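Subject: Structure for your files

Hello,

Here is the structure I promised to pass on. My notes on it follow below.

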Amino acid sequence: MLVFVLLVLLTFRMIVKVPVVQTWLVQRATSYLSGELETKVSIDAVDIKLFRSVVLKGVYVEDLQQDTLLYLPDLQVSISRFNYKKQRITIAAVTLENARIGIKRYKDPRDYNLDFILDYFSGAEKDTTTKQPWDIKVEKITLKNCFLTYKDYKFSDVNDGIDWDDSALKHLD
């Protein structure tokens with residue numbers, strides 16, 4: 001019986017290591033998340049090397065007005081330490097390459113176009129469990145040719161000088 005269980009676990013591990021299977025699983029998760037957030041969330045491809053690295057290709061998130069909130073053609077995460085028992089993860093490096101981020105502040109009804117995501121992941125109810133949260137540390141974040149736009153619709157446009165409420169930062173490295 002023990003040999004059978006070990007064989008099933010080994011087979012499962014081998015199947016999950018295949019990038020096509022990983023991509024299929026992540027696309028199911030993004031489909032679920034799209035429904036929960038009531039907007040488009042997609043990932044074209046994924047390559048996960050358990051406890052070592054994660055590479056995501058074609059990450060796309062729309063805001064509630066169907067504008068691009070985030071597009072990451074290439075996201076790479078290298079993990080240096082993972083300890084399940086102590087609930088610790090140390091991420092050696094996160095690399096964002098050619099990312100496009102569009103942040104907007106609206107007059108009504110929400111403040112920012114990303115508030116709905118922050119609200120979803122923060123949870124409406126207070127966590128009353130005594131369980132210790134995961135300790136996640138990121139040692140290095142690298143930006144390569146990223147583009148960030150910020151538009152604030154709460155204020156009218158400035159006729160003279162610098163309009164800090166309508167900004168674009170290109171070639172962030």
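Helices (H or I, at least four residues) and strands (E, at least two) are DSSP runs, numbered from the N terminus. On that basis the order of elements from the N terminus is α-α-β-β-β-β-β-β-α-β-β-β-β, with three helices and 10 strands in the protein.

This is a predicted model, in which local features need pLDDT of at least 70 and side-chain atom pairs count only at pLDDT 80 or more, while totals for chains, interfaces and linings use all residues. Residues are numbered from 1 along each chain as its sequence is written, and side-chain values use heavy atoms, with hydrogens and water left out.

Overall shape. Along the principal axes, the C-alpha atoms fill a box of roughly 75 × 40 × 30 Å. Of the 173 residues, 27% count as buried (under 20% relative accessible area, with exposed over 50% and partly exposed in between; 1.4 Å probe, protein chains only).

Cores. A nonpolar core here is a set of buried Ala, Val, Leu, Ile, Met, Phe, Trp, Tyr and Cys residues joined through side-chain atoms within 4.5 Å. The largest one has 14 residues, and L56, L72, L75 and L96 have the most contacts inside it. At least two residues of this core come from each of β3 (53-62), β4 (68-83) and β5 (88-97); β5 gives the most, with four. Not counting residues up to four places away in sequence, L75 touches V54, V55, L56, V94, T95 and L96 (contact means heavy atoms within 4.5 Å). A second, separate core has seven residues, including L33, L37, L69 and I117.

Helix pair. The axes of α2 (residues 19-37) and α3 (residues 115-122) come within 11 Å and cross at roughly 105 degrees. Axes are lines fitted to C-alpha atoms, for helices over the stretch in contact, and angles run from 0 to 180 degrees between N-to-C directions. The two helices are therefore roughly perpendicular (65 to 115 degrees; under 35 is roughly parallel, over 145 roughly antiparallel, the rest oblique). Y32, L33, E36 and L37 of α2 meet F116, I117, Y120 and F121 of α3.

Loop residue. Q87 lies between β4 and β5 and is buried, at 14% relative accessible area. Leaving aside neighbours within four places in sequence, Q87 contacts K131, Q132, P133, W134 and D135.

Regards
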